[in-house]
Amino acid sequence: MAALASQFSGLRCALLSSSLLSRPSAATGLALAWPAVGNSLASGGEIVCAARIGAPLALTPVQKEREALKKLFEEAYDRARIAPMEGVAFTLEDFHAAIQKYDFDSEIGSKVKGTVFMTDANGALVDITAKSSAYLPLQEACIYRIKHVSEAGIFPGLTEEFVVIGENAADDSLILSLRSIQYDLAWERCRQLQAEDVVVKGKVVGGNKGGVVAMVEGLRGFVPFSQISTKSTAEELLDKELPLKFVELDEEQSRLVLSNRKAMADNQAQLGIGSVVLGTVQSLKPYGAFIDIGGINGLLHVSQISHDRVSDISTVLQPGDTLKVMILSHDRERGRVSLSTKKLEPTPGDMIRNPKLVFEKADEMAQTFRQRIAQAEAMARADMLRFQPESGLSLSSDGILGSLSSDLPADGLHLDDVPPAEDVVSFSEDNSDTSE
């Protein structure tokens, strides 16, 4: 026994963790070993422990951080529960006052400025600095038919002026439109084009038994078949572009009537009366032939085919024939053009006997014809001057236009020196016949 006690006399125990002491198996083992330890102490042995049981344990840095965060959370929770508005300068009353201050007129038809901040397949969300965002439906994004708002140039960040057209009862959000604004601008543009009497292009998008529907400046206009220069059907004209002029424009009734015939006549008028154009025979009638001259039907009357009498037009022309004709006159209101091949004959009857020669000499004969018309008009103006001595001009019996003053040459101005007229504005058929 004395030997065993001497072995325990210098024993030092290691630190016992609280977890070890808390485990039942460890406590049981310690209880079983305790009598032996007691006997050792009774015999004079010494046991030295590095830490007493129950002393506080040291925390790691991670554990310290967790404890600090837990304390902050508990303090914030207590403040939110006891004094939620403590330290906040912007009160609830200030919030309501700000909403009233920056509110705007949201009546139907009013215009607002907004910025697109999100788009989707059905439209776009727009910030208009209101209580809630507004929505731009796809069908209201553009005057044309589109499949996505991006086709109309609408992307997040775009700032534009919109018009309010409705309100969503579910969330009190407003419904906006760009189409309404573009619609008003399109009517204004059409009124301007009508006032200027210009020719516009229109794409045929539909038709019925009375005519075709064409898109002009984003608006749907109606073109009656009576105002179409060709004999084409609505199916044949579908998706084609036609030159058009405005006939009737009524924004209140959404009525827009157009004419292709007037547009084509206006284009042909730029060639000038007396101009030679290439045409194709479309149809034959007892009174003449209809000639297509670049999209418009002109009438070649039976009396204007040849100087010789033509009893049966089919003996001279057939549908599909290509020929040269001269423009005699224009009826812009009706969109009609009168044509002639008689004026192009080098000798009377050539159109019946030798039409090829007529077409070869067509430009030369047209030039001669225009010169005669210019001289006839100059003579008519000179005749007027005979009865206006205050004009300071006189006309001799030899056709010499002279001056009673010293401004003109002493030998006068001979009418043969008048240059040929490229574009004769108008003349009567009777005058042209007598000039020959």
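Predicted model: local features only at pLDDT ≥ 70, side-chain atom pairs only at ≥ 80, totals over all residues.
Residues are numbered from 1 along each chain as its sequence is written, and side-chain values use heavy atoms, with hydrogens and water left out. The protein has twelve helices and 20 strands; these are DSSP runs numbered from the N terminus, with helices being H or I over at least four residues and strands being E over at least two.

**Overall picture**

- Of the 436 residues, 31% count as buried. Here buried means under 20% relative accessible area, exposed means over 50%, and partly exposed is in between, using a 1.4 Å probe and protein chains only.
- The accessible surface comes to about 27,300 Å², and carbon and sulfur atoms account for 54% of that. Areas come from the Shrake-Rupley method with a 1.4 Å probe, and for residues only the protein chains shown count as cover.
- Take the contacts between residues at least 6 apart in sequence: 58% of them join residues at least 24 apart. A contact means heavy atoms within 4.5 Å.

**Nonpolar cores**

- A nonpolar core is a set of buried Ala, Val, Leu, Ile, Met, Phe, Trp, Tyr and Cys residues joined through side-chain atoms within 4.5 Å.
- The largest one has 28 residues, and the members touching the most other members are Ile291, Ile293, Leu300, Leu317, Leu323 and Leu339.
- At least two residues of this core come from each of α8 (260–269), β13, β14, β16, β17 (336–340) and α11 (362–386). Strand β16 gives the largest share, with five residues.

**Strands around β13**

- Two strands pair if DSSP finds at least two bridges between them.
- Strand β13 (residues 276–285) runs antiparallel to β16, and five bridges join the two. Within this pairing, Val277 has Val325 of β16 as its bridge partner.
- On to β14 (residues 288–292): β13 pairs with this strand in the antiparallel sense too, over five bridges. Val281 stands opposite Ile291 of β14.
- The link from β13 to β14 is a hairpin through two residues.

**Salt bridges**

- A salt bridge here is a side-chain nitrogen of Lys or Arg within 4 Å of a carboxyl oxygen of Asp or Glu, and the count comes to eight.
- Asp197 and Lys245 form one of them, at 2.8 Å from N to O. Asp197 sits in the loop between α6 (179–196) and β8 (200–208) and Lys245 in strand β11 (residues 241–250), so the pair ties together parts 48 residues apart in sequence.
- The two partners have their own accessibility classes: Asp197 is partly exposed at 43%, whereas Lys245 is buried at 4%.
- Asp308 and Arg353 meet in another salt bridge, at 3.4 Å from N to O. This one also links distant parts of the chain, 45 residues apart: Asp308 is in the loop between β15 (297–301) and β16 (322–331), and Arg353 is in helix α9 (residues 350–353).
- Asp308 is partly exposed at 31%, while Arg353 is exposed at 54%.
- Lys361 and Glu364 make a salt bridge at 4.0 Å, N to O, and Lys361 counts as partly exposed at 34%.

**Cysteines**

- The structure holds zero disulfides, where a disulfide is a pair of cysteine sulfur atoms within 2.5 Å.
- Cys142 counts as buried at 13% relative accessibility, and so does Cys190 at 0%.

**Positive phi**

- Most residues other than glycine have a negative phi.
- Asp197, though not a glycine, has a positive phi of about 55°.
- Glu217 has a positive phi near 55° as well. Glu217 lies in the loop between β9 (211–216) and β10 (219–224) and is partly exposed at 36% relative accessibility.
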